[in-house]
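Colleague: I've got the model open next to the sequence and would like to talk through a few spots in it. Can you take my questions one at a time?

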Amino acid sequence: MGMENRVSVIIPTYNRAGLVVRAVQSVLAAIAPGDEIIVIDDGSTDNTGEVLRSFQNRIRYFRTENCGMNPARDLGIRQAKNPLIALLDSDDEWLPQKLYLQRTVMDAYPQVVFCFSDLLSKLPDGKIVHNVLNLWRNDPWVGFGDAKPSLAEILGPGTPFSSIADLPNGCTDFKVHTGNIYAALMEVYYVWASSILIRKGAAGDSLRFARGQHQICEDWECFARLAKAGPAAYLDCELSVQHVHNGPRLTDVKDIVQATERIKLLHHVWGSDECVLEKYAPRFHNVLKAQHLRRARVLIKEGRMAEAKEDLRVIGGGPWSYRLLTMLPSPLIKGLISVRRKLRGSRG
């Protein structure tokens with residue numbers, strides 16, 4: 001394996017002593033000689049440092065003062081010695097074939113800035129949910145109902161991996177799609193951090209993370225910059241596992257916060273890009289309208305009528321039912337919502 005396709009894996013962690021070992025072990029099962037694992041302990045107050053000592057000869061461990069996930073990622077990227085960068089959240093894991101498949105694709109398509117894949121989710125009850133990107137497409141938090149139904153439709157028919165290289169034992173063939181997903185990302189959060197592999201040199205200054213309050217939108221902004229920098233490759237298979245657990249996740253925020261942050265993201269990235277607006281203005285405004293409408297709905301439920309009216313004004317008025325509700329006194333709306341919740345509870 002040449003120097004040009006060696007990987008630095010960045011794992012930021014904070015107070016996840018009971019989870020980070022699984023993440024590190026999954027990476028150890030996926031790496032090749034010359035790869036490195038960098039764990040950034042973001043000021044943990046539990047025994048994270050202690051549980052990681054057993055890996056001391058196989059990982060590079062850095063401890064910092066607590067400053068958040070993305071500053072920790074940025075530190076890991078600065079410390080990385082290799083030209084390919086992979087990210088993994090410390091509460092999730094990889095499948096063993098991830099780096100082999102992605103490294104092979106990066107070798108076969110030297111023009112791509114990054115590659116990514118689908119993922120599966122494991123729920124607390126043990127249930128496994130497949131094809132998560134397709135679910136996200138229809139989730140108003142991270143998707144848009146009128147987006148194209150698949151990445152294959154956005155990027156084209158694709159090429160079977162088996163025509164590029166040998167498949168690992170037990171791995172079913174899948175297609176690799178390449179192209180530009182910059183515009184598509186304003187509609188759907190297609191790129192999940194733990195699924196991505198990035199060419200550091202081609203990414204340049206685009207490979208950095210914003211400092212904000214909402215993790216998904218910070219990641220989304222970074223991956224949008226990467227997509228703007230050049231083409232991507234999508235591996236139509238599941239290579240990462242998202243563990244849904246009862247502990248804290250950085251993506252756990254209220255609807256109103258997420259909608260507000262997504263509106264800011266849309267304006268900051270695509271709304272400030274004249275080339276995008278010239279070509280995709282209707283798509284941009286439709287996504288923006290959906291988020292304003294979503295925020296107005298939450299504001300109405302909370303009795304914040306003046307703010308809801310402003311969201312409706314921005315989108316040209318909105319549905320008549322929403323406009324009618326904003327004309328009613330806030331105490332009346334809150335009372336109706338309370339009664340509705342009680343009725344639902346009594347039926348349960």
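**A covered helix and its surroundings**

Modeller: Let's start with helix H3 (residues 69–79), which is mostly covered, with nine of its eleven residues buried. Keep in mind that this is a predicted model.

Colleague: Which elements do the buried residues of H3 pack against?

Modeller: The buried residues run through Met69, Asn70, Pro71, Ala72, Arg73, Asp74, Leu75, Gly76 and Ile77. Those residues of H3 pack against both strands and helices: S1, strand S2 (36–41), strand S4 (84–87), helix H7 (200–203) and helix H8 (215–229).

Colleague: Asn82 lies in the loop between H3 and S4. Is Asn82 buried or exposed?

Modeller: Leaving aside neighbours within four places in sequence, Asn82 is in contact with Arg6, Val7, Ser8, Gly34, Asp35, Glu36 and Lys200. The relative accessible area of Asn82 is 7%. Buried means under 20%, so Asn82 is buried.

Colleague: Moving to Arg16, which side chain does the side chain of Arg16 make a polar contact with?

Modeller: Arg16 is found in the loop between strand S1 (7–13) and helix H1 (17–28). With a relative accessible area of 13%, Arg16 is buried. Its side chain makes a polar contact at 3.2 Å, and the partner is the side chain of Asp91.

Colleague: Val24 lies in helix H1. How far apart in space are Val24 and Asp42?

Modeller: Val24 counts as buried, at 0% relative accessibility. Beyond its neighbours within four places in sequence, Val24 is in contact with Ile11, Val39, Leu52, Phe55 and Ile59. Asp42 is 18 residues from Val24 in sequence, and the C-alpha to C-alpha distance is 16 Å.

Colleague: How do helix H9 and H10 run relative to each other, roughly parallel or roughly antiparallel?

Modeller: Two packed helices are described by the angle between their axes and the distance between the axes. Helix H9 (residues 255–269) and H10 pack with axes 9 Å apart at an angle of about 155°. Since angles over 145 degrees count as roughly antiparallel, H9 and H10 are roughly antiparallel.

Colleague: How many residues of the contact of H9 with H10 are nonpolar?

Modeller: H9 and H10 cross in a left-handed way. Among the residues that meet are Ile256, Ile263 and Leu266 in H9 and Phe284, Val287 and Leu288 in H10. The contact divides into five polar, four charged and, for the class you asked about, nine nonpolar.

Colleague: What is the handedness of the crossing where H10 passes H11?

Modeller: The axes of helix H10 (residues 274–301) and helix H11 (residues 305–314) come within 8 Å and cross at roughly 160°. The two helices are therefore roughly antiparallel to each other. As for the handedness, H10 passes H11 in a crossing that is left-handed.

Colleague: And how many residues in the contact of H10 with H11 are charged?

Modeller: H10 brings His292, Leu293, Arg295, Ala296, Leu299 and Ile300, while H11 brings Met305, Glu307, Ala308, Asp311, Leu312 and Val314. Eight of the residues in this contact are nonpolar and one is polar, and the charged ones number three.

Notes. Residues numbered from 1 in each chain as written. Predicted model: local features only at pLDDT ≥ 70, side-chain atom pairs only at ≥ 80, totals over all residues. Heavy atoms only, no water. Helix = DSSP H or I, 4+ residues; strand = E, 2+ residues; numbered from the N terminus. Buried < 20%, exposed > 50% of the residue type's maximum accessible area, 1.4 Å probe, protein only. Polar contact = N/O pair within 3.5 Å; in protein donor to acceptor, adjacent residues only side chain to side chain. Axes fitted to C-alpha atoms, helices over the stretch in contact; angles between N-to-C directions. Parallel < 35°, antiparallel > 145°, perpendicular 65-115°, else oblique. Left-handed = near helix turned anticlockwise from the far one by under 90°. Contact = heavy atoms within 4.5 Å. Nonpolar A, V, L, I, M, F, W, Y, C, P; charged D, E, K, R; others polar.
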